[in-house]
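Here is a short tour of a protein chain, written for a first look. Keep the picture beside you as you read.

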Amino acid sequence: EMCIRDRSIAGAAAHNIGQIGAAMIVLGGTAVLGYLPVLQGVSLLTGTLTGFVASLLFRAMKNIHFTQ
């Protein structure tokens with residue numbers, strides 16, 4: 001099972017791939033593909049940070065008792 005960090009990284013990478021795909025359709029070319037390696041590197045960092053914060057929040061939520 002994937003941890004929240006791995007899911008966050010995968011989501012960030014998929015988002016960037018989708019953005020590049022949309023840009024290719026709008027611009028009608030493949031020139032924007034040169035940005036993909038940079039974006040994927042950034043998505044590794046941002047996905048890791050997002051996953052870390054999410055894991056802290058999930059851990060904190062275990063201590064919250066919701067009442068109806």
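## Ser8 and its neighbours

Leaving aside residues up to four places away in sequence, Ser8 touches Gly47, Thr50 and Gly51. You can find Ser8 in helix α1, which covers residues 4-27. Please keep in mind that this is a predicted model.

Is Ser8 buried or exposed? Its relative accessibility is 15%, and buried means under 20%, so Ser8 counts as buried.

## Helix α2 from the inside

Now let us cross over to the partner helix. Helix α2 runs over residues 36-61 and includes Val53. Ser43 also has its place in helix α2. With a relative accessible area of 3%, Ser43 is buried, because buried means under 20%. Not counting residues up to four places away in sequence, Ser43 touches Ala12, Ala13, Asn16 and Thr48.

Thr46 is another residue of helix α2. Its relative accessible area is 39%, so Thr46 is partly exposed. How far apart are Thr46 and Ala13 in sequence and in space? They are separated by 33 residues in sequence, and by 9.6 Å in space, C-alpha to C-alpha.

## A nonpolar patch on the surface

Which residues form a nonpolar patch on the surface? They are Leu49, Phe52, Val53, Leu56 and Leu57, and together they have about 480 Å² of accessible area. One of them, Val53, has a relative accessible area of 40% and is partly exposed. A residue joins a patch only if its relative accessible area is over 30%, so the 40% of Val53 passes that cut-off.

## One salt bridge

Side chains of opposite charge can pair when their charged atoms come close. How many salt bridges does the structure hold? There is one. Asp6 forms a salt bridge with Arg5, and their closest N and O atoms are 2.9 Å apart. The cut-off for a salt bridge is 4 Å, so this pair lies within it.

Asp6, at 29% relative accessibility, counts as partly exposed. Arg5 also counts as partly exposed, at 39% relative accessibility.

## The whole chain

Time to step back. The chain has two helices and zero strands. Its C-alpha trace spans about 55 × 25 × 20 Å along the principal axes. The radius of gyration of the chain is 17 Å, whereas a compact globule of 68 residues would have one near 11 Å.

What share of the 68 residues is buried? Buried residues make up 16%. The accessible surface of the chain comes to about 5,300 Å², and carbon and sulfur atoms account for 69% of it. Among contacts with a separation of 6 or more, 57% are between residues 24 or more positions apart.

Definitions and conventions:
Residues are numbered from 1 along each chain as its sequence is written. This is a predicted model: local features need pLDDT of at least 70, side-chain atom pairs count only at pLDDT 80 or more; totals for chains, interfaces and linings use all residues. Side-chain values use heavy atoms; hydrogens and water are left out. Patches are made of residues with over 30% relative accessible area and no salt bridge: like charges are joined within 9 Å, nonpolar side chains (Val, Leu, Ile, Met, Phe, Trp, Tyr) within 5 Å. Accessible areas come from the Shrake-Rupley method with a 1.4 Å probe; for residues, only the protein chains shown count as cover. A salt bridge is a side-chain nitrogen of Lys or Arg within 4 Å of a carboxyl oxygen of Asp or Glu. Helices (H or I, at least four residues) and strands (E, at least two) are DSSP runs, numbered from the N terminus. Buried means under 20% relative accessible area, exposed over 50%, partly exposed in between (1.4 Å probe, protein chains only). Contact means heavy atoms within 4.5 Å. The radius of gyration is taken over C-alpha atoms; the globule rule is 2.2 Å times the number of residues to the power 0.38.
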